[in-house]
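Please keep the structure in view while reading.

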Amino acid sequence: MKNSFPFLFTASLCLLVTSANLVQAQPAAGSPPYKVVKSAQFAGTGGIDYVFAESEDRRLYVPRGSEILVFDLDTLQSVGSIADTRARGVAIARRFHHGFSSSNPVVMWDTKTLATIKTIDVQGRPDGILFEPATERIYVFSHSAPHATVIDANDGAVVGTLDLGGAPEQAASDGGGRLYVDIEDKDKVAVVDVRTLKVITHYGLGGKGGVPAGLALDATNNVLFVFCREPQTCVVLDATDGAIIATLPIGRGTDGGVFNPATMEAFSSQGDGTLTVIKENSPSSFVVVQTVETKPRAKTCSLDARKNQIVLIATEPIPEAAPSKAAPTDSPTGSATQRGSKKAGGGGPGLLDILVVGR
């Protein structure tokens, strides 16, 4: 995932600004607004990327630096970690009690004990990752070839690789045999037949959006939400044929998206510290109902389907401690002063913020 948040300097800027005013509108009558309902903060070291909420087992996985931090999804308290991973993301095959990291090598672990089962050598530069339920396989996505490495979720064997036609970012499965992957550098969505491991087609965005970095799917109604950085737009596609249904404004620096079928809402998380909420009134009617203030750099998100909440993560600098007081610690691995520098972000010490957005 890229860290840059490009600005838009085109003739359509005025239209987007006008549309952005609609984003501030309150949700429909009877629906309370979303807000940050819970948060936690931990000192530590290393950069972050994707966050993953496992709703059934109530665990939250946050890859950071050289380990994957594991939290209780309800209390946000630490329950352990998986060491020596240097992962970008996490996928869970719940039936097998297996977890997988988007790293090289891929680490496969027991989700009950968090003990490493094996490591799996892969090629490319692993970034995104997904469990595909129809075939019970793990897809590890890379910005360089091979663009996808496919792993059996039961035994960890590499099944094959895929050329997706460009650099993949986020993916979504319809659970019935089709996988959709947004291709960041080609402004397209690749459609994959998961049983044959073949790319069926690519859906273009028709110039309505570029640099797609987030993707969400309403599998029931075959609606794709493609969250783009340039311009700051959600392009809504018909998942059956790629036809463009609608475009809506989102925030700056999107890097992740989810769809909640229980509320019929799509969410785009942005690095500018906002979470865009899009309501699907019908398969042909969509509206931005709210922009939730989160935190700067909270650009990836995950859905807690049991509680209908969105979980986001961010990092920030460790503030200077007052000279007369010891630096506080809420980290299970050490205090802020023991961690050294106050810089956060690309691998140095800093605070990890976990935010839960709900009603």
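In the classification used here, Ala, Val, Leu, Ile, Met, Phe, Trp, Tyr, Cys and Pro count as nonpolar, Asp, Glu, Lys and Arg as charged, and the others, Gly among them, as polar. On that basis, the lining of the largest pocket in this predicted model consists of 24 nonpolar, nine polar and six charged residues.

The volume of the largest pocket is about 1,100 Å³. Its lining comprises 39 residues, of which F52, L130, F131, A171 and V258 are the closest to the centre. Several strands each supply at least two lining residues: strand 2 (52-54), strand 6 (90-93), strand 10 (126-132), strand 14 (168-173), strand 18 (210-218), strand 22 (254-260) and strand 26 (300-304). The greatest contribution to the lining, five residues, is made by strand 14.

Attention now turns to two individual residues. G80 lies in strand 5, which spans residues 78-83. Because its relative accessibility is 24%, G80 counts as partly exposed. Apart from neighbours within four places in sequence, G80 contacts I68, L69, V70 and L114. Between G80 and L114, which are 34 residues apart along the chain, the C-alpha separation is 7.5 Å.

Q270 belongs to strand 23, covering residues 265-270. Is Q270 buried or partly exposed? Its relative accessibility is 0%, so Q270 counts as buried, the cut-off being under 20%. When neighbours within four places in sequence are set aside, Q270 is in contact with I250, G251, R252, G253, T254, L275, T276, A298 and K299.

Note on methods
Residues are numbered from 1 along each chain as its sequence is written. This is a predicted model: local features need pLDDT of at least 70, side-chain atom pairs count only at pLDDT 80 or more; totals for chains, interfaces and linings use all residues. Side-chain values use heavy atoms; hydrogens and water are left out. Helices (H or I, at least four residues) and strands (E, at least two) are DSSP runs, numbered from the N terminus. Buried means under 20% relative accessible area, exposed over 50%, partly exposed in between (1.4 Å probe, protein chains only). Contact means heavy atoms within 4.5 Å. On a 1 Å grid over the protein atoms alone, a cavity is a set of points where a 1.4 Å probe fits but cannot get out, and a pocket is an open set with protein on both sides within 12 Å along at least five of seven lines; lining residues have an atom within 4 Å of a point. Grid points are joined across faces, edges and corners, and a volume is the space filled by probe spheres set on the points.
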